Amino acid sequence: MLQIRKLNFAYGDLQVLWDVDLEVKQGEIVTVVGANGAGKSTILRNVSRLVRPASGSITFEGHELSHVPSHKVVEMGIVQVPEARRIFPEMTVTENLRMGSFVKATRKDRERNMERVFSLFPRLAERKSQLGGTMSGGEQQMLAIGRGLMGNPRVMLLDEPSLGLSPLLVRNIFEIIKEINRQGTTILLVEQNVYQSLRISHRAYVLETGRVVLSGPGAELLDNAHVKKAFLGI
Amino acid sequence: MDRRPLLSRAPRGFSVLGLVLFVAAIAALAVFPSFVKKPYVLHMGVVLFLAVIQGQAWNVVGGYAGQYSVGHAAFFGIGAYVTMMLLEVNKIAPWVGIWAAIAAAVLVSLVIGSITFRLRGPYFVLASISVAEIIRLATLHFKEFTRGAEGFLVSEIPTLKIGATEIEFFTKRPFYFAALGLAVLTIIANWIVQHSKLGYYFQAIREDQDAAHSLGINPAFYKNVALAISAAFTAAAGGFYAMFVKFIDPNTVFGLDISVQFVLICIIGGIGTILGPVIGAMVLVPLSEILRNPKGLVQLGIVSSDSGFVRFVEANLSNAHMLVYGILVVVVILFAPEGVLGVIRRLASRVRRRASSRGRTEPAATA
């Protein structure tokens, strides 16, 4: 579905990604794990065309993305839930969600999608008219994911959804990601929380200083000696 | 994350009370010249309406879209110059010429926007200042075309015929009504923008451009739309100003102080709200007038001609109005970051809370 081949990317003279190969198949949860600064978010930024790669190709369902402007990527069905939540603080929960169906084709499904979001996150339903900025971190993350779902994503890019959340909420968010995937949305997840994210992923890639050093099924990687040593401290 | 305490959330929805008050205010202002005929009073009315138009125009791009332009003198001056030159050089009546002025300003805004909206935050502010300065200096330089520092003087505004009625622009009266009409129009336009989908997109970009981008909103495009709407009303204000004051030169319409004035009206009143620019104009216009021309108070009969206040202001503050502006802005930003309107809202909600808490505790006390 989403295919990244030999992706090289540099911020100025600093090369961040080296020949990254990555594939997301329909219906999967694929996770990219790695330490701070490994280049995880940069991969997502390349997919959503916020930055331009030095070389390599990114294709979505056979379409090359290199000439697609970033706001059109969303129309193709690639929706990114940005890092650190980025909800609109001065808008209510409902208004934030409505903003999620900006793309014309998704507006007719607005009511249905909103119901779906409220059934996934009953907490948001209780807080429909609360201002986004006054909610807790966990609720804001739910809102950010919910807002992403409003855009009918075929593949959803999640950038560190566990950032700054309590362990209990982290578990909760990952359960919901699993549920969203079960309902048919393909997911590309970028995470520092290696244990929780590998647990729910079908496949995963381990990124170290811009290079893919390991890949395979999530459960397998959890047992991998290198992963255990580098990330889990076992 | 970029949080902006300067912005207050505008109330949504439609208020019947608000509409009634709005219509009543327009009606009162419309019959006002029938009772008060002093030219000085009507003159001040026009200056006030002009400030409202300027504030509302800036509000679209600065308030809703959150792009703090400090270069609105560019559009104001283009409006003034195009209207003026079409009248003086081509003998085209200002109510026709002003449309050309608006078109020119929108065109320029799209050019400026597509270049400067690649920049964010302080960089956009600086770019907007320099664009206005470039236009000012160009107007000074290309003398054959613009007459440079000499400027333009209105020789005669033709008579406007609407059906059988003829309107002569000799007195302040027709200007008063034209300015009132234009002010009402910009307020309505702002209301429509605020309550439309477009307004939501603008506010989304203001609150978090990256998040808006991630939802498929093209920030550069919508910022350009906001700037173009703003430029259109600003140019209308500029064209009107040229006809009203009857003389323009590059420094009076393209100057940095004009750009600053646009921003001040909104900051003092309350950015991103409908009432904010109105209140800002109501604070700023009388204040600057009293400082610049304290004898105006004597003309209005508010103080006597030998008043100590007038003598004090004349002797000590007559050249200090910019200083007082500056102090005012510092005070507003420190103590009332949401502007005068924000202070009023805060007080109102405090009164309401106190009233409702009293309503709740009293029955308990008697029980």
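**Basis.** I note that the model is predicted: local features need pLDDT of at least 70, side-chain atom pairs count only at pLDDT 80 or more, and totals for chains, interfaces and linings use all residues. Residues are numbered from 1 along each chain as its sequence is written, chains are lettered from A and ligands numbered from 1 in the order in which they are written, and side-chain values use heavy atoms, without hydrogens and water.

**Salt bridges.** I found 2 salt bridges across the interface of chain A and chain B, a salt bridge being a side-chain nitrogen of Lys or Arg within 4 Å of a carboxyl oxygen of Asp or Glu. One of them joins the side chains of A:R86 and B:D208, at 2.7 Å from N to O.

**Extent.** I recorded 22 residues from chain A and 21 residues from chain B in the contact (heavy atoms within 4.5 Å). The buried area is about 2,200 Å², with 60% from carbon and sulfur atoms; this is the accessible area (1.4 Å probe) that two parts lose on being put together, summed over both. A:R86, A:E90 and A:F102 supply 28% of the area that chain A buries against chain B, more than any other three residues.

**B:L110.** I checked contacts beyond four places in sequence and found B:N224 and B:A228.
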